[in-house]
Amino acid sequence: MAWTAEHRRAADRRGLRYPSDLTDAEWALVAPMIRPAKHGGRPRRVDVREVLNAVFYVLSTGCQWSALPKDLPPKSTVWDYFSRWEWEGTIERIHHALYVAVREQAGREASPTTAIIDSQTAKAAQKGGSTLDPSGYDAGKKVVGRKRHLLTDTIGMLLAVIVHPASVQDRDGAEPLLRQARRLFPFIERIFGDAGYQGPKMAAAVARTGTWKIEIVRRCDRHKFVVLPKRWIVERTIGWISRNRRLARDFERHCRIAAAFVRMAMIRIMLRRLAAKPSA
């Protein structure tokens, strides 16, 4: 689809302090989904909008937490809110609410019937410690790191994501991903995947997790560099999230935080779609 004047207005971040900052329209969409401060005790003095701006700044630029600009909240405050939102399910709740709104904006039913599955191997950055989640070696990509396993719908929006060591085969890592998706999207009937998901082991995993069926989209031996039906959708989504420098490599100590950043990347995309001004 060619860029239109409407698309250019939606992508224009001029006038903001940082390009990653939320606009007023985007903040109006997400603010009601963030829990207010608890009753009792000292009143909350932290500007939650600024906390979100700081998280999006880290996601967009890939900087260290300690390298946050001084006009954003301290790194300890930002990390505390971000990790708490991930632990209590706030990020997942915001993502799901925006997902339903984007589906409705596109004229689709809230719950999809078709999904596409794929994985992306991210090279591990140097990190260590006793609490570090393990990485692995992807023999196909020849990379040490972790895999981001994604399930998307037919418009490229994220349905579910898990992160696991890169040594885990796609067909083995797919089952927990499908279990996660089944809880929120019970009406999925078909899943498209590449040849890495073929075989009896994957078929058994699909049967254990739901009443859906998997269809393998194979490459053409005669023409290798062609757009493959359905598979290009999830590959485009991987391209979308990879524009965020925090996701260019695997910088996180824990898989759950890496998955949370993937959701934050999709939240950023959905907020911009929903807040885009209609053409005059």
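Which residues of the largest nonpolar core touch the most other members? Of its 72 residues, they are Phe82, Leu151, Met157, Phe261 and Met264. The model is predicted: local features need pLDDT of at least 70, side-chain atom pairs count only at pLDDT 80 or more, and totals for chains, interfaces and linings use all residues. Residues are numbered from 1 along each chain as its sequence is written, and side-chain values use heavy atoms, leaving out hydrogens and water.

**Nonpolar core**
- Such a core is a set of buried Ala, Val, Leu, Ile, Met, Phe, Trp, Tyr and Cys residues joined through side-chain atoms within 4.5 Å; buried means under 20% relative accessible area (1.4 Å probe, protein chains only).
- Helix α9 gives the most to this core, with 14 residues.

**Helices α3 and α9**
- Helix α3 (residues 48-61) packs against helix α9 (residues 255-275) at about 105 degrees, with the axes 11 Å apart.
- This angle makes α3 roughly perpendicular to α9 (65 to 115 degrees).
- Residues in contact (heavy atoms within 4.5 Å) include Leu52, Val55 and Phe56 of α3 and Phe261 and Met264 of α9.
- Leaving aside neighbours within four places in sequence, Met264 is in contact with Leu52, Val55, Phe56, Leu59, Phe82 and Ile91.

**Helix α6**
- Helix α6 (residues 170-184) has 15 residues and spans 22 Å from first C-alpha to last, close to the 21 Å expected at 1.5 Å a residue.
- Its buried residues include Asp170, Glu175, Leu177 and Arg182.
- The buried residues of α6 pack against β1, β3, β4, β5, α7 and α9.

Key
Axes fitted to C-alpha atoms, helices over the stretch in contact; angles between N-to-C directions. Helix = DSSP H or I, 4+ residues; strand = E, 2+ residues; numbered from the N terminus. Parallel < 35°, antiparallel > 145°, perpendicular 65-115°, else oblique. Expected span 1.5 Å × (residues − 1). Buried < 20%, exposed > 50% of the residue type's maximum accessible area, 1.4 Å probe, protein only.
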